[in-house]
Amino acid sequence: MFPVLNTERLHLREIRESDAEALFQCLSKDEVTRFYGQDSLENVGQAKEIVASFAKNYLEKRAVRWGIERKDTRELIGTIGYHAHSPKYRRAEIGYEISPAHWRKGYASEAVKEIIAYGFNTLDLTRIGAVVFLENQPSSDLLVKLGFIQEGILRSYIYQNGMPHDTYVYSLLK
């Protein structure tokens, strides 16, 4: 069964095909995808493919991706999760995005704190990593605020819009 998590203001739940339109609205915005490592979505069909890939990766125990839903409005405002999960080495990488209308309201911080606890307590992770574009200062600030340590720079690590980008690598240890 897919793990459901709750915070004070958020419900973190499985992403369903019925979420494809909300996911499209988020991931079709260049200001969201510019640091996501993929081009902006052009149609809802692409969002449905992403929903299917999230489900497949979860079933194959390679990743888990939650929809971030506001409790008060039941609106899906983004996603968060683990990828590159390696149970043998007890590590995974965290990733997240929030729709711009919900930026700077503490939702990302609230969601990240909750899945950090899930990662250490339920997935029995020892290390949670994060890869962040050098230019993505808000995400770097969030991770540092939550205790992540910047370990270095990965040169030409992610391609975005056909161009290689350097990224910071962060980690948080149990």
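Because the model is predicted, local features need pLDDT of at least 70 and side-chain atom pairs count only at pLDDT 80 or more, while totals for chains, interfaces and linings use all residues.

**Stop 1: the largest pocket**

Select F35, Y36, Y96, E97 and N136, the lining residues that lie nearest the centre of the largest pocket. A pocket here is an open set of points on a 1 Å grid over the protein atoms alone, where a 1.4 Å probe fits and protein lies on both sides within 12 Å along at least five of seven lines; lining residues have an atom within 4 Å of a point. The volume of the largest pocket is about 1100 Å³, counted as the space filled by probe spheres set on the points, which are joined across faces, edges and corners.

Now show the whole lining, 41 residues. Strand β5 (91-98) supplies the largest share, six residues. Other elements giving at least two residues include α3 (44-59), α4 (107-121) and β7 (149-160); helices (H or I, at least four residues) and strands (E, at least two) are DSSP runs numbered from the N terminus. Colour the lining by type and you will find 22 nonpolar, 10 polar and nine charged residues. For that colouring, Ala, Val, Leu, Ile, Met, Phe, Trp, Tyr, Cys and Pro are nonpolar, Asp, Glu, Lys and Arg are charged, and the others, Gly among them, are polar.

**Stop 2: the second largest pocket**

Next, pick P3, Y58, L59, K61, A63, V64, H85, P87, Y118 and L123. They line the second largest pocket, which holds about 200 Å³ of space. Its lining divides into eight nonpolar residues, one polar and one charged.

**Stop 3: salt bridges**

Side chains of opposite charge can pair when their charged atoms come close. With a salt bridge taken as a side-chain nitrogen of Lys or Arg within 4 Å of a carboxyl oxygen of Asp or Glu, the model has 11.

Zoom in on E110 and R9, whose closest N and O atoms are 2.7 Å apart. E110 sits in helix α4 and R9 in the loop between β1 (5-6) and β2 (10-14), so this pair ties together parts that are 101 residues apart in sequence. E110 is buried at 15% relative accessible area, whereas R9 is partly exposed at 29%; buried means under 20%, exposed over 50% and partly exposed in between, with a 1.4 Å probe and protein chains only.

Move on to E60, which pairs with K56 at 3.1 Å and with R62 at 3.3 Å. E60 is partly exposed, at 39%. Then select R13, D19, E69 and R74 to see a network of salt bridges.

**Stop 4: the nonpolar cores**

Finish with L12, W66, I80, Y82, I94 and F148, the residues with the most contacts inside the largest nonpolar core, which has 32 residues. Such a core is a set of buried Ala, Val, Leu, Ile, Met, Phe, Trp, Tyr and Cys residues joined through side-chain atoms within 4.5 Å. Helix α4 gives the most to this core, seven residues.

Centre on I80: its contacts (heavy atoms within 4.5 Å) include L12, W66, Y96 and I115, not counting residues up to four places away in sequence. A second, separate core of 12 residues includes L23, L27, V32 and I50.

Notes. Residues numbered from 1 in each chain as written. Heavy atoms only, no water.
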